[in-house]
Amino acid sequence: MSQVPIQFKLNGQDKAEFIDEAATLLSVLRGKVGITSPKAGCEQGTCGTCSVLIDGELRLSCITLAQTCAGASIETVEGMDTDGKLHPLQQAFLDRFAAQCGFCTTGMLMAAKALLDKNPNPTREEVVDAISGNICRCTGYEPIIEAILDATGGSAGSYRRA
Amino acid sequence: MTIKRGRGIASVNYPIGMNLGGDPSQALVHATPSGKFMVTLSSIDLGQGMKSVTRQVAAETLGVPIEDVYVDTADSDTGPHCMGSFASRGTHRVGNAVINAAEEARAVLLDAAAEKLEVNASDLETDGKGNIQVKGAPSRSISVMDASGAAQFEQGKTVSGRGIFFVPRNYPDPETGAMQPVTCYAHACTVVEVEVDDETGVVTMVSMKSAFEIGRAINPAMVEQQLVGGGWMGMSHALYETTEPYYPNRDHAPVDFSSYLMPGPGDICPIDLVVLERPAPDGPYGGKGPGEMCATPPIPAIANAIYDAVGVRVDELPITPEKVLRGIKGMSQTH
C-alpha cells in the first residue's frame, strides 16, 4: 500500500506522518503516534471506545479514514489534563468510581467532553443522549452519568449506600 | 393500549467459590530491599477490585501502611497458582491466601526486629505507620525498613511468606445425598417495578431496590460499584441479552453490538441498595464475594414483575417483547 503524507494537530501539537492510504485514524493514533487512549473495540463503529474529538466533534476513530483528518485538530484523553491537573471530568470519574475494567472509560470521557464543551449545563437526559453511542459492560452507566453531572457542578444521585 | 405496572420480588443464597479440587488459591508475600512489601498473585483483576482488596488485606495483616504494599498479579507464568477470577471467589479465597502469606512474612519481620531490639518477638507490635515497637514502650522501636534491612543484610533471612487457601472437596453422603459444597454464602433480595406495554410487549424498568448481605464490605466503594453494575447486568440478562434468540434455530443470532442488545444508559432505572454486613467466620476479615450474586436476583424479580403486570409467565430468557406479546395473545385466545 502506498504511503501518503498527512499533517494534523494532535492535542494542540502539530504532527506530520507518512501513513497508509487506507489507514484508519485509530490505527494511526495507536500505531504511529503513540496515542493509546482510543481503544480498538468492535472496530466497526458500534461500541464507542475509539471515540476522539475531531475539530470539536465526537467521532469514531475506527471508521474514520485518517486521510480525511488532514489539517484537522484531534483531541484525545492524553490532552485532557492541564499541566498534570486532571480535567474536571476525569476527576469526577475518579470520585464517582465511574470506571471498572476501564475499556470504555476513555471513549466515555471523550463523549462527555464533546457534550460539556458545547453545553456546560446539560440535563440528565442530555447526558444520557451524549453517551448513548458508548457501550459499558461493568458500571451499569449510573456512575458515569452521575460523574458527568458532577463535573458540571450538579448532582443527581439516585442510589445510596446504607 | 395500556401501560401496566407490576412488582416482583426474588431472593438468592449465592455460594462463594466452588467445590472442585478444593478450589485453591496461593499467594506469596516478600519484603523488597527498600522494606516495602510485594504480594505476588496470579488472580486476575478485571476491574472488580482484586488488586485493591488484596492490597488492603496484606497491609492490615502485615501491620504496615497500605502505601508500602504492592500487588503484582495476573501472570500465571510468574505467579503462584490461582484457580481464577470467577465464582465470586476472589475476595474470599485469595484474601485468605494473602492473610496466610502475610502472617508468615510478618513473623519473620518481627523476629528480625526482636533480634535488633533484644526483646522477645511476642512482645512486639506494629503501629501501622511503618514502625515496630515494644508493647507498652513505644519509644523502643525500629522501622519496618530497618528491620527488614537487618533481616536481609545482617541476619540472612528472607522476609517472606507463603499462603494457600482451599476448602477440602466435599462429596455427597451416599445415603442421604447431603453435602456441603461451599462454606459460605452471600445473600440478596431484590424488588423491582416494571411497566409493560400490552400492545407492544415492551418492558420498561421503573425501579430496582435490593438488600445485600455480603460479609464485611472490605472496600465499601467497590462493593457499591459491583452491586450497581450487577443490577444492570441482571436487567440485561432478564430482558435483552442472548446469542441464540431462537435456539436451536440459529436464525437472527446477533453478530455485533447493533444486534446483540444490552440496556443502554437510557434504559436503566434508579437502583437503590442497602448493604448488610455480617462478617463470614471463614472470610478474610469477614469478607465474602459480592460479584455474581448481585446480578442474579433481578432476573426472577423482573420475571415475577412482568407476571404481576400482565399475567404472563415467561420462563425462557431473555424476556423479549415478542415473548410477552405472544403470552398476552395466548391468554386472550384461551379466555
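How are helix 2 of chain A and helix 5 of chain A oriented to each other? The model examined here is predicted, with local features needing pLDDT of at least 70, side-chain atom pairs counting only at pLDDT 80 or more, and totals for chains, interfaces and linings using all residues. Residues are numbered from 1 along each chain as its sequence is written, while chains are lettered from A and ligands numbered from 1 in the order in which they are written.

Two packed helices are described by the angle between their axes and the distance between the axes. In chain A, helix 2 (residues 88-95) and helix 5 (residues 142-151) pack at about 135°, and their axes are 8 Å apart. Helices (H or I, at least four residues) and strands (E, at least two) are DSSP runs, numbered from the N terminus. Axes are lines fitted to C-alpha atoms, for helices over the stretch in contact, and angles run from 0 to 180 degrees between N-to-C directions. Helix 2 of chain A and helix 5 of chain A are therefore oblique to each other (under 35 degrees counts as roughly parallel, over 145 as roughly antiparallel, 65 to 115 as roughly perpendicular and the rest as oblique). Among the residues that meet are Leu89(A) and Phe93(A) from helix 2 of chain A, and Ala147(A) and Ile148(A) from helix 5 of chain A; contact requires C-beta atoms, placed from the backbone, to lie within 7 Å.

Strands of a sheet pair through backbone hydrogen bonds, either parallel or antiparallel. Strand 1 (residues 3-15) of chain B runs antiparallel to strand 9 (residues 185-197) of chain B, and 13 bridges join them; pairing requires at least two bridges found by DSSP. Here Pro15(B) stands opposite Tyr185(B) of strand 9. Strand 9 of chain B also pairs with strand 10 (residues 203-213) of chain B, in the antiparallel sense over 10 bridges, and Ala188(B) stands opposite Phe212(B) in strand 10. The hairpin of strands 9 and 10 of chain B has five residues between the strands, and Gly201(B) takes a positive phi near 80° in this hairpin.

Also in chain B, three strands form an open antiparallel sheet in the order 5-6-7. Strand 5 (124-126) and strand 7 (137-143) of chain B are the edge strands, each pairing on one side only. Helix 2 (residues 90-117) of chain B lies across strands 5, 6 and 7 of chain B, at about 115° to strand 7. Helix 3 (residues 144-153) of chain B lies across strands 6 and 7 of chain B and runs at about 55° to strand 7.

Definitions and conventions: Two residues are in contact if their C-beta atoms, placed from the backbone, lie within 7 Å.
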